[in-house]
Amino acid sequence: MMPLLTLEAASRTYRTRHGLFGKPSDVRAVDRVSLEVAPGRTLGIVGESGCGKSTTGRLALGLETPDAGSVRFRNTAMPPQGSAEWPALRRHMQLVFQDPLGAMDRRLTIAAQIAEPLHIHNIGSPAERAERVAALLRDVGLRPDQAARHPHELSGGQRQRAVLARALATDPALLVCDEPISALDVSIQAQIVNMLADLQAARGIAILFISHDLKVIRQISHDIAVMYLGRVVERGDPDTIFAAPIHPYTKALVSAVPTPGPRRRERIVLTGEPPNPADRPTGCAFHPRCPAAMALCRAEDPPAVTLPDGREVACHLALTPDRIAA
Ligand code: SF4
């Protein structure tokens, strides 16, 4: 199936300065990231804070421009923000944030918030918009009487449902969900994940789901990309990755996810500092924390290689035949 969204070796670097008189330096937030999302599929991006997953989401939406590589939607390069093509394209892709209250206008009713994108994109007559809002409320499991409420009168889960209804108002082909359930209780998280899966099945939406939580990513994703300091270090089918992760960082993440049944994985606890994009180690960026680091790792950044099982891994060990036993 032709991908809806394609990132090809996309990079994004920011220039920062430490203190008023400090020398400017470049921070590589996203480094040669290649990803694809097809209609009706979910690609889960997982990694710690500062790994570049949110910047990747913004690149996917055209809200950031890559300094190198490309981002294509329906095989067409993303137009610059403010161009004539921009509004038409934005209608087909929407962003859902972690904080629904912050994403909403507290003065507007829930119905008015959901109808907002229809006004912005000039879709439908007033009667058609009202009908569409009612249908969206039903689709996300909100009651008709909640349409007249204000954001602070709903629970966190109900607010996230309303934000999703607003994101779906223009019938987008792509949803980028950036930590959409992190602020919710575990039971509510499961409800929202199930609802997203149902909406995807009914509408064929492609979803880029960004989270620090590998357990949630596994529940919802058809494909997984694990990011570390701006790079995708392992990408592939969730079952394959969970059964036998190859990259040492993925191994540590997978080991921390509880498994059902009596068989327990041995937990790999990472030592060392969490990733700091402003202070990138030489060679493989993971080497200061990697239990399998070799001299080569400190000197050379590993290339991403595609393995016979379709996985892509960026680790020197992936090139050695005994990698799985490592
Ligand atoms: Fe560890 Fe080396 Fe692989 Fe990096 S390249 S993850 S340091 S083994």
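**Briefing: sheet and helix packing**

R12 stands opposite V30 in β2. Helix α1, residues 53-60, packs on the sheet and touches β1, β2 and β4. The model is predicted.

- The open sheet is formed by 4 strands in the order β2-β1-β4-β5, and their pairing is antiparallel.
- β2 (24-37) and β5 (76-77) are the edge strands, each of which pairs on one side only.
- Strand β1 covers residues 5-17 and pairs with β2 over 10 bridges in the antiparallel sense.
- The direction of helix α1 makes about 120 degrees with that of β1.
- Strand β4, one of the strands that α1 touches, spans 68-73.

**Helices α6 and α7**

- Helix α6 is made of residues 156-168 and helix α7 of residues 186-203.
- Their axes come within 10 Å and cross at roughly 20 degrees.
- Because angles under 35 degrees count as roughly parallel, α6 is roughly parallel to α7.
- The crossing in which α6 passes α7 is right-handed.
- On the α6 side, the contact is made by G157, Q160, R161, L164 and L168.
- On the α7 side, the contact is made by I188, Q191, I192, M195, L196, L199 and R203.
- By class, the residues of this contact of α6 with α7 are 7 nonpolar, 3 polar and 2 charged.

Note on methods: Residues numbered from 1 in each chain as written. Predicted model: local features only at pLDDT ≥ 70, side-chain atom pairs only at ≥ 80, totals over all residues. Heavy atoms only, no water. Pairing = 2+ DSSP bridges. Helix = DSSP H or I, 4+ residues; strand = E, 2+ residues; numbered from the N terminus. Contact = heavy atoms within 4.5 Å. Axes fitted to C-alpha atoms, helices over the stretch in contact; angles between N-to-C directions. Parallel < 35°, antiparallel > 145°, perpendicular 65-115°, else oblique. Left-handed = near helix turned anticlockwise from the far one by under 90°. Nonpolar A, V, L, I, M, F, W, Y, C, P; charged D, E, K, R; others polar.
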